[in-house]
Amino acid sequence: MSEASPLILLFGHSGQLGWELRRTLATLGEVATAGVDGADHYLDLTDGAALDVLVHDLRPALMVNATAYTAVDKAETEEKLAYRINAEVVGEMGRLGAEMDIPVLHFSTDYVFSGVADRPWKENDEPAPRSIYGKSKLAGEQALFASRAEHLILRTAWVYGARGRNFLLTMQRLFAEKDRLKVVADQFGAPTWSRFIAEAASQVLAQCKTPQGQFRFGRHDGQVFHLTAAGQASWHEFAQAILEQTAEDCVLDPISTEQYPTPAARPAYSVLDNDNLAAAFGVRLPHWRRGLALCLEEMRDAGA
Ligand SMILES: NC(=O)c1ccc[n+]([C@@H]2O[C@H](COP(=O)([O-])OP(=O)(O)OC[C@H]3O[C@@H](n4cnc5c(N)ncnc54)[C@H](OP(=O)(O)O)[C@@H]3O)[C@@H](O)[C@H]2O)c1
């Protein structure tokens with residue numbers, strides 16, 4: 001392989017974001033996927049030794065971690081597994097990155113914040129997660145930082161896309177099944193298309209690639225950046241916007257979080273401030289309504 005085509009090891013290729021990253025990263029190097037189903041390299045992350053062996057074998061120029069335990073409610077009863085995937089594994093990637101001088105790009109979540117705020121959250125605001133999922137993701141951020149591996153963390157939110165388990169696909173299914181739905185109207189965030197996250201992440205990485213085909217984060221090493229769509233919505237507004245672009249008839253009744261109890265507590269307000277990413281890399285995602293329109297257009301085109 002030439003120096004200009006470095007090996008990028010992608011974890012989580014089958015997830016919403018990983019599926020998109022597999023495509024967008026392809027312009028930056030040779031992408032090798034590691035995971036359970038349909039990966040270039042079989043890897044079950046619950047097996048600690050396997051990660052070590054694989055990274056030593058491949059010696060990639062960059063690790064991109066799009067894996068996560070993302071079942072927010074189930075995490076309340078599967079704490080051990082959530083911490084394993086969201087925290088321990090990230091620490092192990094960091095240890096390997098530090099030992100072998102491999103930078104790590106990692107993703108985190110708006111759920112590291114409490115949700116009590118009157119303005120969008122900035123990167124250096126105090127995290128105070130309310131759920132096991134949020135706590136385990138924060139522990140992952142901290143483990144990567146402590147590892148001293150060269151790294152960047154991109155926190156995103158309310159991810160949806162044409163694949164995987166997400167709010168958009170759930171709503172589309174429910175609109176076809178039901179005439180009336182209750183949707184939470186007092187939690188606010190920024191619905192973000194997985195495609196845009198992957199494209200923005202790849203634009204960031206392109207700026208970190210040296211002519212020798214290495215990835216160097218330079219003065220941004222160890223930094224966290226927020227990366228979400230512009231604007232904000234409640235789940236009810238998001239559902240209404242999806243409905244407006246669907247042929248189905250359905251009435252959406254706004255309800256409060258209290259009226260829809262879930263095992264995991266969610267932040268009431270987790271809109272993130274994206275200014276730092278724009279200042280550092282000149283990358284800013286469009287308004288969430290624009291992302292939704294483009295995603296739905298593509299899904300219609302594909303006959304989905
Ligand atoms: N989803 C959201 O709304 C949201 C919001 C904020 C931040 N984020 C963050 O964005 C990133 C991407 O999330 P996503 O929505 O794309 O996640 P996702 O669709 O749930 O995908 C998670 C990925 O992790 C893999 N994985 C889980 N357990 C594994 C194991 N034991 N061994 C190997 N692979 C394993 C999954 O593989 P399998 O397909 O084989 O299970 C899948 O490829 C994560 O860091 C997440 O925390 C997501």
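Which residues of α6 are buried? In this helix, Ser194, Arg195, Phe196, Ile197, Ala198, Ala200, Ala201, Ser202, Val204 and Leu205 are buried. Buried means under 20% relative accessible area, exposed means over 50%, and partly exposed lies in between, with a 1.4 Å probe and protein chains only. The structure is a predicted model, in which local features need pLDDT of at least 70, side-chain atom pairs count only at pLDDT 80 or more, and totals for chains, interfaces and linings use all residues. Residues are numbered from 1 along each chain as its sequence is written, and side-chain values use heavy atoms, with hydrogens and water left out.

Helix α6 covers residues 194-207. Helices (H or I, at least four residues) and strands (E, at least two) are DSSP runs, numbered from the N terminus. Of the 14 residues in α6, 10 are buried, so the helix is largely enclosed by the rest of the structure. The length of α6 agrees with expectation: at 1.5 Å a residue, its 14 residues should span 20 Å, and its end C-alpha atoms are 20 Å apart. The expected span is 1.5 Å times one less than the number of residues in the helix.

Salt bridges were assigned next. A salt bridge is a side-chain nitrogen of Lys or Arg within 4 Å of a carboxyl oxygen of Asp or Glu. The count by this rule is 15. Arg195 pairs with Glu20 at 2.6 Å, N to O. This pair links distant parts of the chain, with Arg195 in α6 and Glu20 in helix α1 (residues 16-24), 175 residues apart. Arg195 has 17% relative accessibility and counts as buried. Glu20, at 5%, is also buried.

Arg195 forms a salt bridge with Glu298 too, the closest N and O atoms being 2.7 Å apart. Here α6 is linked to helix α9 (residues 288-301), which holds Glu298, and the two residues are 103 residues apart. Glu298 is partly exposed, at 36% relative accessibility.

Asp101 lies in the loop between α3 (79-100) and β5 (104-109), and Arg216 in the loop between α6 and β11 (223-226), so the pair ties together parts that are 115 residues apart in sequence. Asp101 is partly exposed, at 49% relative accessibility. Arg216 is partly exposed as well, with a relative accessible area of 26%.

The ligand has 25 residues around it, of which Ser14, Leu17, Thr70, Tyr133 and Lys137 come nearest. A residue is near a molecule or strand if one of its heavy atoms lies within 4 Å of it. An oxygen atom of the ligand is 2.7 Å from an N or O atom in the Ser14 side chain. A polar backbone atom of Leu17 is 2.9 Å from a ligand oxygen. For a polar backbone atom of Val159, the distance to a ligand oxygen is 3.0 Å. The protein covers 81% of the 910 Å² of accessible area that the ligand has on its own. Accessible areas come from the Shrake-Rupley method with a 1.4 Å probe.

Elements giving two or more residues to the ligand shell are α1, β5 and α4 (132-147). The largest share, 3 residues, comes from β5. By class, the shell has 12 nonpolar, 10 polar and 3 charged residues. Ala, Val, Leu, Ile, Met, Phe, Trp, Tyr, Cys and Pro count as nonpolar, Asp, Glu, Lys and Arg as charged, and the others, Gly among them, as polar.

Note on methods
A polar contact is a pair of N or O atoms within 3.5 Å; within protein, one must be able to donate a hydrogen and the other to accept it, and residues adjacent in sequence count only if both atoms are side-chain atoms.
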